[in-house]
Every structure is written in C-alpha cells, then in structure tokens.
Amino acid sequence: MLNSSGIAGLLGGEETLSTVALAQIYDGRKWLGWYNTPGSYTIGKHFRHLARSVISDLHANSGPGTESGMVHVDLALLLRRNSWFKGPAFKGIYSGTSLHETGPLASLLMKKYTRMSGTLIEGRTTQPVNVTIAKLEQNPGLQPQMKFDHPAPICAIIPISVSLATCGICGLYCEWYAFSMILLGILARGLTCVFVGSGELVFDHPESTVGSPPGDGILGCDHELVLLKGSENVVNAITRGRLIFHFRSKRACHMVELCSFFLITQAIAQLICVPQSSLFGQLMFVFSIVTSWVYSLWFLSYKKVEVREEFLRSVLGSPKLEKFVFPNRSSAIVSLLLFSGENEKLSGDSKKLKEIMDGFLPSGTLVWEIWKGIVIEHLTNGKPLCFDDTYWNHQNLPSEPDRSLLRTLLKDAETAYAAYGNNR
C-alpha cells in the first residue's frame, strides 16, 4: 500500500495558498477552485487566522458609498511568501515620514526598477548603487479605494476536470475511500473559494491632507534607491497602499472560518482514509493532487508581468523614469540631493539636506562631517560641486590619511554633479 499517499495531500500548501489569494484578482473567482488540492491543512490554518483578523470599516479608510456594517481583512496575511506583500523602507524628504516597511505597490515598483537597465556613471568604484528618479504625475483615476478584475485563465478548467474525472473513475470502480477523499477535497476547496470570492478585492490608501507638502521621498535601502517625486496623494498610494478584502458583513467571515475547519478536517481524514484504498484508488488520488499542484505553480507565473504592469499603470499612470548606476554610495547620495534639490524648498534647507545624508551615510566621524558640511554649503548657496586642494587641505585635518579620504569623497561629489549636469 502507498501509505505515503495520504501525506501527499499535506504538501504544496504555500504554493496553493498563494494561488487562492491571487485568484481573487480574476473574474469568476468563485468558480476557479472546485478541485482537489494539496496543502489543505496549511490553507485551513491561514484562513482561520484570516477570518479572525476582521476589521470593521467604521475604523478603516472607507470610501464614498461604503455600506454600513461592511468589514475587511488584509490580503497581506495570505501573501507573505509573495512579492505582493510588502516593500522596502521609505524616508520622506519634506514630510519627515519614516516607514520601516511599505505596501505591495512599493514592492512591485522596486522589482520593476531593479530589472531596468541604467546609465553607467564613471568614477571611483566600490559597491555600485542604483538610483532611479521617478517623476510621478497626478493620476485622475486614482481613488481612495480601487477595484481590479482580470479575465480568468482558460487553463483553470484542467485541475477541475481532472479532479472530477478521477472522482468519477474511483466511484465507477467502487474505490469508495479514494472517491470520498477526492470529493471531500473538491467540496472543501470549492466552498472556500465561494465564500472568499464573495468579498471584493480593493486597493486602499489614505488620502493626503489639503495643503500637505510635496510627497517626495527616498524608497529602498542598500544598493537600490528610488527617489519618488510627486504629490503626497500619489506617494501615499505607493508607500501606504494595501490590498484588502471587503465583505458585506461578518457572517461571510464566519463562513470562511467554517471552511477553514472543513479544510483541516479534510487533511486529517485524508491521512486516515486514503491508505485504506487500493493501489489504483491511491494513484487516482495522487494524480488529482499532483495535477492541482502543477497548476498552482503555473498559475503563480501566469501573466505575472502583465498583471503587475496593469496594476501599476491603473494607480500611477505612466511616470517618467531615469535610472543611473553610480560607482559608490557617496556619489549616489549626493545625486539624490541634487535631483531632490530641484525644488527650492529643499535646496535652501541645510537641515533637511543634513538629515538625508545622515540617514544614508556614516555620521559622527570628523572627515565625513566636514565633507557633508562642504557639500551642503555648496548646495544651499547654489555653487557647483567643483573642488580644489584648498578644500581637502582642511585645517582641522592634520593627518594625511584624513585629507586623502576627504579628497576622495569630494571627488565622489564631483562625479555626482557631473552626472546630474549631463542628465538634468
């Protein structure tokens, strides 16, 4: 007997969970899950947690026309292994906003910009840093809450057909244990999709306050940085936006919790009942499971780029992008100051310039502080970043190694200034 066949139903849960979550962006999502699926125990546990994380829309950012009594849950609970989950840190230039992690839109943006090719900047090479300048335009279609729907893939019929066929064959040959387990799997997964699909997938983000400063800020960390230039409303959508499920009442969430119990029960029943079937029945069960698992892997990559691009376009429109590959971090940060300083509110504010530099570069050491002071003084007074030996032969730096380091850093600033002048 294939006693391990019952365990097969417990595997592949993470892939299947991501498939259930991403299926919610497609039309006809209620009917895409009627097949026997692996990982029912993992899905059941996550959906139980999902159903218990309900938040009333009375305390949420409800849009116009939101019905009284509606509730929502955060889709991030199901997408922790997926790139739609969360993005990198963000530091606001004017608002002072500091976020350790951002929303799914920021995550998608970073992945898109990482794949872009950029202009290579010549200079002292240590660890290259990519800098992308994103000029965001106000999108007339951007609303506090936005809905998305895409045509469902035709291939979704394959796992459904295989599960129904194997279930029917097992019944025809009186393989009642395998028949009942495949049927139970079809019902458990199908009912879960019906109740989860009864909610609406919504992209939700806070509106900016009237009179708020520009939303410009720096997104990213380490060797991938993005300067977001645009209104606070658009930047909020990137940094604070999230994907949520809207349900008309808590009753639907209670049904989802009941389905989670159904999925966990199914997983336990499979461990007990599938080994009681003959070799033929077990093979039919495993075939339905493997087909569903292969479909899940395919579904996670189905039109992945197209769906993400459409999502980004519907929220952000078509921002103007420029990407540069700087040879080291100090020149990259100076370039961010130069491109940010196109706004007069920043170019004349030495305190904000210092805060940006301290946030991304070493601070507290004498050489670095002198270098920052020289660069900031030139920026605030509108002077070109061009230096001679009078700058690195600083009176407060008696040692030659310190003067050599200052000269190197000033050359990095000149590299950034030359790149800015050639691409402004």
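Me: Taking a contact as heavy atoms within 4.5 Å, what share of the contacts between residues at least 6 apart in sequence joins residues at least 24 apart?
Reply: 81% in this protein chain. The model is predicted, so local features need pLDDT of at least 70 and side-chain atom pairs count only at pLDDT 80 or more, while totals for chains, interfaces and linings use all residues. Residues are numbered from 1 along each chain as its sequence is written, and side-chain values use heavy atoms, with hydrogens and water left out.

Me: How many helices and strands?
Reply: The chain has 16 helices and twelve strands. These are DSSP runs numbered from the N terminus: helices are H or I with at least four residues, strands E with at least two.

Me: And how much of the chain is buried?
Reply: 52% of its 424 residues. Buried means under 20% relative accessible area, exposed over 50%, and partly exposed in between (1.4 Å probe, protein chains only).

Me: Which residues have the most contacts inside the largest nonpolar core?
Reply: F326, W371, L385 and L406, in a core of 42 residues. Such a core is a set of buried Ala, Val, Leu, Ile, Met, Phe, Trp, Tyr and Cys residues joined through side-chain atoms within 4.5 Å.

Me: What does L406 touch?
Reply: Leaving out residues up to four places away in sequence, L406 touches V367, I370, W371, Y391, W392, H394 and L397. There is also a second, separate core of 36 residues, with L105, A106, V234 and L316 among them.

Me: Switching to β11. Why call it largely enclosed by the rest of the structure?
Reply: Because five of the six residues of β11 (residues 242-247) are buried.

Me: Which strand pairs with it?
Reply: Strand β8 (residues 200-204) pairs with β11 in the antiparallel sense, over five bridges; pairing requires at least two DSSP bridges between the strands. F203 stands opposite L243 in β11.

Me: Two single residues, then. L108: buried or exposed?
Reply: L108 is buried, at 3% relative accessibility. L108 lies in helix α4 (residues 104-115).

Me: Where is F280?
Reply: In helix α9 (residues 279-301). With a relative accessible area of 34%, F280 is partly exposed.

Key: Contact = heavy atoms within 4.5 Å.
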